[in-house]
Amino acid sequence: MSTSKEKKAPQNRTYTVDDIASVLGIGRATAYKLTKSGEFKIIRIGNAIWISRQSFEEWLGMEEPEEENE
């Protein structure tokens, strides 16, 4: 029996384009277009695009606009 504590892997603070494509159920090309839309924060490192987990999840959880009162 081991007495050492197991280390938890830190939760990533970013998503890849493939990650958001999978979450949204869309293709990679559409996911790349979405990253260029400015809807959430991205970080470019060389050719790689990283999406801020927090800003993506806030965008994803946005409520639909309220219907106008007549």
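Keep in mind that the model is predicted. Start with the layout. The chain has 3 helices and 3 strands. Of the 70 residues, 21% count as buried. The chain exposes about 6,500 Å², and carbon and sulfur atoms supply 48% of that area. Now the contacts between residues with a separation of 6 or more. Of these, 47% come from residues 24 or more positions apart.

Next, the strands. Which strands does β3 pair with? Strand β1, residues 14–16, pairs with β3 in the antiparallel sense, over 3 bridges. In that pairing, Y15 stands opposite I51 of β3. Strand β2 also pairs with β3, again antiparallel, over 4 bridges. Here I43 stands opposite W50 of β3. The hairpin of β2 and β3 has 2 residues between the strands. In that hairpin, look at G46: its phi is positive, near 65 degrees.

On to helix α2, residues 28–36. Which residues of α2 are buried? They are A31, L34 and T35. Look down the helix axis and these buried residues fall within an arc of 100 degrees, so they line one face of α2. The spacing makes sense. An α-helix has 3.6 residues a turn, so residues three or four places apart point the same way. Turn to the other side of α2 and you find A29, K33 and K36 exposed. What does the buried set pack against? The answer is α1, β2, β3 and α3. After α2 comes G38, with a positive phi near 85 degrees.

Now the rings. There are 4 aromatic pairs in the count. Take F40 and F56. Their ring centres are 5.3 Å apart and their planes sit at 85 degrees, so this pair is edge-to-face. F40 is in the loop between α2 and β2, while F56 is in helix α3, so the pair ties together parts 16 residues apart in sequence. Both F40 and F56 are buried.

F40 has another partner, W59. That pair is edge-to-face too, at 5.3 Å centre to centre, with 65 degrees between the planes. W59 is in helix α3 and F40 in the α2–β2 loop, so this pair ties together parts 19 residues apart in sequence. W59 is buried, as is F40. Which residues make up the ring cluster? Ring pairs link Y15, F40, F56 and W59.

Last stop, S52. Where does S52 sit? Its place is in strand β3, which covers residues 48–52. Helix α3 covers residues 53–60. Is S52 buried or exposed? The cut-off for buried is under 20% relative accessible area. S52 has 16%, so it counts as buried. The S52 side chain reaches the backbone nitrogen of S55 at 3.2 Å. Leave out residues up to four places away in sequence, and S52 touches R13 and K41.

To recap, three things to look for on screen. β3 pairs with both β1 and β2. Helix α2 lines up its buried residues on one face. And F40 pairs with F56 and with W59, in a cluster that also includes Y15.

Notes
Residues are numbered from 1 along each chain as its sequence is written. This is a predicted model: local features need pLDDT of at least 70, side-chain atom pairs count only at pLDDT 80 or more; totals for chains, interfaces and linings use all residues. Side-chain values use heavy atoms; hydrogens and water are left out. Buried means under 20% relative accessible area, exposed over 50%, partly exposed in between (1.4 Å probe, protein chains only). A polar contact is a pair of N or O atoms within 3.5 Å; within protein, one must be able to donate a hydrogen and the other to accept it, and residues adjacent in sequence count only if both atoms are side-chain atoms. Contact means heavy atoms within 4.5 Å. Rings of Phe, Tyr and Trp (its six-membered ring) pair if their centres lie within 6.5 Å; planes under 30 degrees apart count as stacked, over 60 as edge-to-face and the rest as tilted. The arc is that of the directions from the helix axis to the C-beta atoms. Accessible areas come from the Shrake-Rupley method with a 1.4 Å probe; for residues, only the protein chains shown count as cover. Two strands pair if DSSP finds at least two bridges between them.
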